[in-house]
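The sequence and structure come first.

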Amino acid sequence: MMDSIFFISDIDGTIYREKKVTEEELFFLSSVSKRYPIVLATGRNYAMFHRFIQEYSFEYEYCILNNGALVMDKNGSILVSLNMKTNMILPLVQEMLEKKEIIINMIFSHLQQNIFLEGIHSNNFLKRVSNIPLITNSVTLEINGYKELFNEIDIFTKAIERTGFQVNKNKKYIDISPLGSGKASSVICLGNLVDADVSNSIIVGDELNDKEMLMLTEKSYCMVNGNSELFTVANNIISSLTEISLKKEERNE
């Protein structure tokens, strides 16, 4: 019988807002950690996540990284790792660069290792990616002039999806991850691994990559400044984590 539930939260836009975590929310998360295992579910890779944890140290049990492609516990043990072949992605990136004079940065993330390539364009593409690992958990593209290149980016992301990969994008980044990855599927997998009741867990998010995760529970929360598509999915709209009543949710268990 399952005897534990999670407190699951996205990081950027939920815990980390306006380039900081408030003292009030750090205190709240400290109190949460005494009641529930905290799961941090983010699109960040390991390096970005590790910097965040070093700056705002609070107790957590598990992290879901790279939009679900990598799951680790607080000790760094890898619980889930979904991989993809980089040579299936690179030709599509090269094609996009050749169609337009675009300059991009790329991050290749595999487990705790990250390779950052800056200032990539059509003329230096093949040379810059020549030593990239064959296997990765995710590839992130940061595109200069994102707004002006909406049509080209839309064509590119659809081509990536047809190849069989998962794409998450926002105003600045395109995250490519293996098919079948996602925060929701990793939450379910983690729940099965550690015998936790996901359907009774508290889940907080703010963007489209949180949507399916929020649908896993009745105790779902969306940030008021989040993507409006989540407002019909989440059962609660909040402006701060501190608005979550742990006592109320415990009465609903």
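## Domains, spaces and helix packing

D175 counts as buried, at 15% relative accessibility, where buried means under 20% relative accessible area and exposed means over 50%, with partly exposed in between (1.4 Å probe, protein chains only). The model is predicted, so local features need pLDDT of at least 70 and side-chain atom pairs count only at pLDDT 80 or more, while totals for chains, interfaces and linings use all residues. Residues are numbered from 1 along each chain as its sequence is written, and side-chain values use heavy atoms, with hydrogens and water left out.

D175 is found in strand β12; helices (H or I, at least four residues) and strands (E, at least two) are DSSP runs numbered from the N terminus. Leaving aside neighbours within four places in sequence, D175 is in contact with N67, V139, T140, Q166, V167 and N168, contact being heavy atoms within 4.5 Å. D175 and T140 are 35 residues apart in sequence, and their C-alpha atoms are 4.5 Å apart in space.

**Domains.** The domain assignment of the protein chain gives domain 1 (7-81 + 181-243) and domain 2 (84-178); such bounds come from an automatic or database domain assignment. The C-alpha centres of domain 1 and domain 2 lie 26 Å apart. Their contact takes 14 residues from domain 1 and 12 residues from domain 2.

**Cavity and pockets.** Spaces are found on a 1 Å grid over the protein atoms alone: a cavity is a set of points where a 1.4 Å probe fits but cannot get out, and a pocket is an open set with protein on both sides within 12 Å along at least five of seven lines. Lining residues have an atom within 4 Å of a point. Grid points are joined across faces, edges and corners, and a volume is the space filled by probe spheres set on the points.

One cavity of 30 Å³ or more is counted. The lining of the largest cavity consists of G43, N66, N67, S138, T140, N168, D175, I176 and S177.

The table lists the volumes and the make-up of the linings. Ala, Val, Leu, Ile, Met, Phe, Trp, Tyr, Cys and Pro count as nonpolar, Asp, Glu, Lys and Arg as charged, and the others, Gly among them, as polar.

| Space | Volume | Lining residues by class |
|---|---|---|
| Largest cavity | about 30 Å³ | one nonpolar, seven polar, one charged |
| Largest pocket | about 1300 Å³ | nine nonpolar, 19 polar, 16 charged |
| Second largest pocket | about 230 Å³ | four nonpolar, five polar, five charged |

The largest pocket is lined by 44 residues, of which K169, N170, D175, E207 and N209 lie nearest its centre. Elements that each supply at least two residues of this lining include β7 (104-110), α5 (150-163), α6 (183-194) and α7 (211-214). β11 gives the most, with four residues. Domain 1 and domain 2 each contribute at least three residues to the lining of the largest pocket. In the second largest pocket, 14 residues form the lining, and G13, R17, E18, N225 and S239 are those nearest the centre.

In helix α2 (residues 46-55), F49, F52 and I53 are buried. They cover an arc of only 95 degrees around the axis, which puts them on the same side of α2; the arc is that of the directions from the helix axis to the C-beta atoms. R51, Q54 and E55 are exposed on the other side of α2. The cover over the buried residues of α2 includes β2 (38-41) and β3 (62-65).

Helix α3 (residues 90-99) has L90, L92, V93, M96 and L97 as its buried residues. Their arc of only 165 degrees around the axis puts them on the same side of α3. On the other side of α3, E98 and K99 are exposed. The buried residues of α3 pack against β7, β8 (113-120), α4 (125-128), β10 and α5.

**A buried tyrosine.** Y221 is found in strand β14 (residues 220-223) and is buried, with a relative accessible area of 3%. The C-alpha atoms of Y221 and V71, 150 residues apart along the chain, are separated by 22 Å.
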